[in-house]
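Dear colleague,

My findings follow directly after it.

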Amino acid sequence: MIELDLDVEDLVGMRFAVSPLMETVMSLRTPLLPTYFVLQMPWWRRVEKDVAHLDMRPLASLVGVRRWVPDFLTPRPEVPVPDFEDELEIVRRTPPEKVAADIRRAHAGRPVPSILRLDEPARLRDRLADLLREYWETALAPYWTRMRGVLEADMLYRARQFTRGGARLLFADLHPAVRWEAGVLRLDVPAIDYRVDVTGRGLCLMPCLFVRSTAPPISADEPPSLAYPARGIATLWETERPTGGEAIVALIGRRKATLLGCLDRPASTLDLAERLGVTPGAVSQHLSVLHGAGLVTRARVGRVVLYARSELGSRLLAR
């Protein structure tokens with residue numbers, strides 16, 4: 001059990017972030033546990049041949065027996081959507097002694113695989129960083145626009161939940177393993193037991209596509225953060241284009257009806273363009289018409305504008 005003490009200032013300063021590095025590191029577990037990460041397997045089937053030329057053994061060896069990964073590979077983001085290279089630079093600056101300690105901690109007392117040379121932690125750190133860059137560029141970067149769209153949509157949804165019902169509604173809807181009571185956030189995490197005072201350090205909440213439960217830092221010494229399963233994971237790799245009934249197609253046209261059908265979760269123009277195989281300019285034009293008619297809403301999250309189906313749009317699509 002992990003307990004995080006949060007005061008009023010901590011709640012006010014609570015923020016959300018998306019971490020491309022965390023997605024990269026957490027995704028390493030997918031091929032190792034295919035029956036556990038069922039929803040993520042469509043992605044793996046797409047990239048498996050592409051990563052065949054990479055030496056994945058050191059990266060796979062990072063995953064401990066409890067599905068843990070070393071804390072130094074998942075640093076807490078300081079901005080809402082950091083650049084992958086900036087995050088990787090933080091990893092490269094990790095003190096060698098922390099590299100070795102975090103890897104041992106992730107393996108929960110079990111022997112560390114010999115391929116992870118803990119007698120040369122600085123060299124190991126740099127080798128892992130190089131491999132992670134290759135893996136990211138091959139397996140995740142080509143799909144990052146689509147992934148980021150799902151993650152940013154989740155952040156928008158959570159922000160609205162917090163606005164509507166405060167911390168109680170936000171945490172009640174985050175994950176069954178999360179409980180909020182009397183200023184304490186309790187996380188039901190097997191085999192990890194610590195309590196920390198968040199005061200002054202802030203809490204960062206991170207939606208993640210490659211977790212099934214909550215994923216806080218293993219060590220209590222890390223900056224307070226919590227990764228949790230993002231909404232919409234199951235729809236991430238959908239290829240079918242929903243259009244609604246023929247009545248709405250006749251009313252607004254097939255392309256606009258298709259767009260409206262895709263907006264069961266908030267999405268960006270680029271995300272929709274990739275899903276539908278059309279140009280962002282074409283999507284933008286149709287969205288402008290749909291927004292003007294009150295069928296979609298839009299909201300800015302950082303530098304990205306997300307579109308969502310309005311209540312009127314949902315009623316029209318259901319006819």
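In what follows, two residues are in contact when heavy atoms of theirs lie within 4.5 Å. Please note that the model is a predicted one.

I begin with valine 305. This residue belongs to strand S9, which spans residues 304-309. Leaving aside residues up to four places away in sequence, valine 305 touches Ala267, Ser268 and Thr269, together with Arg298, Ala299 and Arg300. Its relative accessible area is 24%; since buried means under 20% and exposed over 50%, valine 305 is therefore partly exposed. Between the C-alpha atoms of valine 305 and threonine 138 the separation is 27 Å, the two residues being 167 apart along the chain.

The second topic is a sheet. Strands S2, S6 and S7 make up an open sheet of three strands, in the order S2-S6-S7 and with parallel pairing. At its edges are S2 (15-16) and S7 (225-229), each of which pairs on one side only. Strand S6 (residues 204-208) runs parallel to S2 and is joined to S2 by two bridges. Within this part of the sheet, arginine 15 stands opposite cysteine 204 of S6.

Helix H2, formed by residues 20-27, lies across S6 and S7 and runs at about 50° to S6. Helix H8, formed by residues 144-172, also packs on the sheet, where H8 touches S2, S6 and S7. The direction of H8 makes about 135° with that of S6.

With kind regards

Conventions:
Residues are numbered from 1 along each chain as its sequence is written. This is a predicted model: local features need pLDDT of at least 70, side-chain atom pairs count only at pLDDT 80 or more; totals for chains, interfaces and linings use all residues. Side-chain values use heavy atoms; hydrogens and water are left out. Helices (H or I, at least four residues) and strands (E, at least two) are DSSP runs, numbered from the N terminus. Buried means under 20% relative accessible area, exposed over 50%, partly exposed in between (1.4 Å probe, protein chains only). Two strands pair if DSSP finds at least two bridges between them. Axes are lines fitted to C-alpha atoms, for helices over the stretch in contact, and angles run from 0 to 180 degrees between N-to-C directions.
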